[in-house]
Amino acid sequence: MKMNKASFSALIIAHCRAYHAVHDDQKIFDDFLAGRLLTEEERAYFDGTLYRSVKVLKYLSSGKVVPSILKLFLPRRAKQSFKAIAPEELNKVSDLKSGVDCYMHATGGPALTVSRSRYTEDSLVKAVGEGVKQYVILGAGLDTFVFRHPELMETLRVFEVDQPATQDFKRQRLTELGWEIPQHLYFVPADFTRQNIDKELKDSSYDPKALSFFNWLGVTYYLPRETVLDTLRTVAGIAPKGSTVIFDYLDTDVYDPAKVAPRGQWLLFSLVGAKGKCAFDPSMLSRDLAAIGLRLKENISPADIEKLYFRGHPSNYHAQEHAHFACAVVE
Ligand SMILES: C[S@@+](CC[C@H](N)C(=O)[O-])C[C@H]1O[C@@H](n2cnc3c(N)ncnc32)[C@H](O)[C@@H]1O
């Protein structure tokens, strides 16, 4: 299938959310609309890719001799996944569908995606109760908030900021589905690496005086650290005091070969690419944010995320090593 490069990461995340909504009985975050944003062709592409990965991993974990030709052509992703998944787990399951379940739980894509969305939307609902009037979703991708929460669209104005190509793709998909765009949803095309979102937001219906809540999920990983800090600085500059921004970030250990967990390696290679991009030292984040006008309110570590969402959950999901959630407030 010919994939639109700009929207690929948004599609992967929508697929992870849809996977959880369809396959897991106890929901951490129920994005019951995510699957509808994927076409038959895209679903088939993801299913095919997963089946192939699981077949390779099962072969590798079977203990059979790996032909040198396979070693040569084995995708790097498969090698990383192999390290991330305990081979004994995969060996316990016989059919391919259970193998895919095992893979999705062990590699952690859905776990990271649904836990950060749950954390953010729980915080948003609380913030709306405290007077927030604007919700800005930075790097929105195929976020379905406005369609899942029509009741909140009475109170909130929502701004989706994303690369122009991804946004065009999403709008086209919404048109194909026949979903009506809510009156108070505004699309703001912008590229964080090229533009300062200050102008783009101010040119839209964004009101710099209205208490706002920013969501920036699954994006800092892809950007240079300076771009991340510049964008956060812009948020601190265009939102009134008391406004909130939630983002997820990788810790610096993920780039240290001596400290990175196997699943951290998998995350880097498989979702982000091998090049080192933005990472923060969690113990220095408060200082980093204070320098740009933000007060760190919550800094949620993988161990905290495990306690909050996965301990006692009947699935085999676990918090993604090295991925943290931060909630900061405009000073
Ligand atoms: C992994 S997806 C996350 C989507 C969504 N926030 C979520 O958590 O479901 C990353 C999103 O960030 C957007 N993005 C990546 N780099 C960007 C950039 N330089 N400027 C604007 N958007 C960007 C992509 O287009 C994509 O929609």
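Residues are numbered from 1 along each chain as its sequence is written. In this predicted model, local features need pLDDT of at least 70 and side-chain atom pairs count only at pLDDT 80 or more, while totals for chains, interfaces and linings use all residues.

**Exercise 1. Domains and their contact**

Task: Describe how domain 1 and domain 2 meet.

Solution: 
- Start with the bounds. Domain 1 covers 5-107 and domain 2 covers 110-330; such bounds come from an automatic or database domain assignment.
- Take the centres over C-alpha atoms. They lie 25 Å apart.
- Count the contact residues. Domain 1 supplies 29 and domain 2 supplies 30; contact requires C-beta atoms, placed from the backbone, within 7 Å.
- Assign elements on the domain 1 side. H1, helix H4 (76-84) and helix H6 (96-107) each give two or more residues. Helices (H or I, at least four residues) are DSSP runs, numbered from the N terminus.
- H1 gives the most, with nine residues.
- Sort the domain 1 side by class. It has 14 nonpolar, eight polar and seven charged residues. Ala, Val, Leu, Ile, Met, Phe, Trp, Tyr, Cys and Pro count as nonpolar, Asp, Glu, Lys and Arg as charged, and the others, Gly among them, as polar.

**Exercise 2. The ligand shell and the core**

Solution: 
- List the shell. 18 residues surround the ligand, and the closest are Gly-139, Gly-141, Thr-166, Leu-217 and Gly-218. The cut-off is a C-beta atom, placed from the backbone, within 6 Å.
- Check the domains. Domain 1 and domain 2 each give at least three residues to the shell.
- Turn to the core. The largest has 83 residues; a nonpolar core joins buried Ala, Val, Leu, Ile, Met, Phe, Trp, Tyr and Cys residues through C-beta atoms within 7 Å.
- Pick a core member. Val-245 touches Phe-214, Trp-216, Leu-232, Val-235, Leu-294 and Ala-328, not counting residues up to four places away in sequence.

**Exercise 3. Phe-29**

Task: Is Phe-29 buried or exposed?

Solution: 
- Locate Phe-29. It sits in the loop between H1 and helix H2 (40-61).
- Apply the rule. Buried means 20 or more other C-beta atoms within 10 Å, exposed 12 or fewer, partly exposed in between, with C-beta atoms placed from the backbone.
- Decide. Phe-29 counts as buried because it has 20 C-beta neighbours inside 10 Å.
- Name its partners. Phe-29 touches Val-114, Ser-117 and Arg-118, not counting residues up to four places away in sequence.

Notes
Two residues are in contact if their C-beta atoms, placed from the backbone, lie within 7 Å.
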